[in-house]
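Here are my notes on the model you sent over. Have it open while you read.

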Amino acid sequence: MRPLIPRTDPAPSRLSYRLERMRLTPIYRRLFRLGAPVLLIAGLVGGYLADAEKRAALGERFADVRRQIETRPEFMVHLMAVEGASASVQEDIHEIFPYDLPASSFDLDLQEIRDLLEDLPAVARANVRIRQGGTLAIEITERVPVALWRTRAGIDVLDATGAVIASINDRAERPDLPVLSGAGADRAVAQALDILAATRALKEPVRGLVRMGERRWDLVLADGKRVLLPEAEPVRALERVIVLDKSNDMLERDLVTIDMRLGARPTVRLSAAATEEWWRITSADGATDNSSGATGR
Amino acid sequence: MIELYESQRAMRAMRKAAIQRGVVAVLDVGTSKMSCLVLRFDGTGRFAEAEEVGRMAGQAGFRVIGAATTRSRGVRFGEIEAMAETERAIRTALQAAQKMAGIRVDHVIACFSGAGPRSYGLAGEVEVADHTVSEQDISRVLSACDVPEIGEGREVLHAQPVNFALDHRSGLIDPRGQIGNTLTTDMHMLTIDAVAIQNLAHCVKRCDLELAGVASSAYVSGIAALVEDEQELGAACIDLGGGTSGVSIFIKKHMIYADSVRMGGEHVTNDISMGLQVPQATAERIKTFYGGLVATGMDDREMIEIGGDTGDFERDRRQVSRAELIGIMRPRVEEILEEVRARLDAAGFDHLPSQQIVLTGGGSQIPGLDGLASRILGQRVRLGRPLRVHGLPQAATGPAFASAVGMCLFAANPQDEWWDFEIPVDRYPARSLRRAVKWFRDNW
């Protein structure tokens, strides 16, 4: 009896047999197990991204998620705390600070803030970090004003390295600082400070230092006397002047200039009145006193 | 069309290459089932070649990685009858085995049981050229064997030198390097119908496979089922298959005779089918479940529902007693064994020193067969199961798989055949370099 529904042939067809054999070939097996999935995924992704609109939407979504994460309260900076800055500098900092707080800490470029702050004339060094609790902590090391520099344009405040911190209109604003002048004075502030430190032993008040020819200093005293200091070792030359002053009361005398530029031969210039007086005395007493006056210097 | 004799050398080379590559399939084309095993050679066997007997009897070098069995179609009496059907069956078995192995197989070694195998004993004698036996002398003595008339349309399947004798010393396995004058050899040649092997080769080729070897089923099941001592001392292996029963006689580890009886288990099934008026499938089921050969009083009372699938379930409630079933099976099995006995007698098996007979194959699972066989064949009968090989699934360890397992062993360490030896120089083509060298040697 023949069954109405013929039994299906258990044997694989020639085609399926060949395909199976091909599939079992090692290179095809590797291709199917690795190559096909990779190709499929790449095709799907590529097909999806081929549409510019979808690409844009995807990018937007990505940016949105990113923004959501960035603006979580854990990452927000609400406050800026400035430490170690005077009121005027703090004002400046608030003025130049480029971000609007509150801002996400992902958006803050601390290096940029730091560079920006260090570009401020009054700031020597700035430490910027984000503290826990959403505070942007800025630690400022200010430049210390040590001298005033009078130029044609006005009066600048210098720190010990010669950097200009600020400009002032009137000398009277900072009466505590000594005055320097002359071209290139800002490049030798350290030397000037040494000289000024040495002048503390001087009885006479000091008006300031003048940089001469961008290489040496002239010390100007309150009564207009000038001490011309040498290029090398000006402090020692000044100390000599102080010693001379103590021994001979030299600065009490009516001099215009004390020239210490040549260490071996200090020279003074008398004032016009003193010269007159000198001539008068020497013409009355004779030539011998002239030599004694010369030795008394 | 393949010219079997011409292609034997090529098949041997192909087999070597396949083993070198590591994967080869063996295919047992049987009448009732088609089984395919995929072997992987891991290369350990090659080192054991120098020893007399390798570790694990030479089966350590390979592992079965795929096994499949399917119902055979288009095969009768061990011969392919419907090519397309057989091709499909081969495809089914091979695809399943490949799938299990997870690797593609390109080379297949096939065996089949039918095609009227006929054994010939050949003898050759030659004078040794220079007192020491060389490879060339062996080639010459092999080619000096006088080939009998094997008949039209028959091909040589196996041609194995069984014995070498030098002067009066016989039983040499390897006479190379020995000193003597006259070298003689005995060779066993097995011929089969050329058409059968052509058909098989065609089917295998249609499955995109390379035929890397052919073997006789009787021979390979003998390799698998006989233990080493039996092969050495002399024994007969009877492979009770579906459509044919193979007979092979071994002595000194060589097959000296093979034959096949064109009767087997399917004939028993047919008898049951006709005797009980049931379909083939039911008859097969009844045979395997309730079959037997020795009836006892108990069997008269044991009734078997035969349920003859006629579509009339109300009326068709036939029952037979087991004794009736045995009464149908026994005469056919007796007939098969008588026929085997006749073949063994014709081969002169009773002159062998050892009369051991080993029954294997699917038919050997009939209960009571050993008792019946010992009455017909002789006292020393045992049921043999094939050797255990690495990785063989439990389902394929039964005696029905003796020839499949034997093919594994055959693939792992094949016996030297005629065509595996060097070609004698004077048979070389006229313009060969070797021939020139020989002429140079002879004349200078």
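The points below go from confidence to the chain contact and then to one strand.

1. Remember that this is a predicted model: local features need pLDDT of at least 70, side-chain atom pairs count only at pLDDT 80 or more, and totals for chains, interfaces and linings use all residues. Residues are numbered from 1 along each chain as its sequence is written, while chains are lettered from A and ligands numbered from 1 in the order in which they are written.

2. Over residues 289-297 of chain A the pLDDT is below 50. Where pLDDT is low, the predicted coordinates should not be read in detail.

3. The contact (C-beta atoms, placed from the backbone, within 7 Å) takes 10 residues from chain A and 10 residues from chain B.

4. Do look at strand E17 (residues 356-360) of chain B: five of its five residues are buried (20 or more other C-beta atoms within 10 Å of their own, C-beta atoms being placed from the backbone). Gln356(B), Val358(B) and Thr360(B) point one way, Ile357(B) and Leu359(B) the other.

5. E17(B) pairs (at least two DSSP bridges) in the parallel sense with strand E12 (residues 235-240) of chain B, over five bridges. With strand E18 (residues 381-383) of chain B, E17(B) also pairs in the parallel sense, over three bridges.

Notes:
pLDDT is the predictor's confidence in each residue, from 0 to 100. Two residues are in contact if their C-beta atoms, placed from the backbone, lie within 7 Å. A residue is buried if 20 or more other C-beta atoms lie within 10 Å of its own, exposed if 12 or fewer, and partly exposed in between; C-beta atoms are placed from the backbone. Helices (H or I, at least four residues) and strands (E, at least two) are DSSP runs, numbered from the N terminus.
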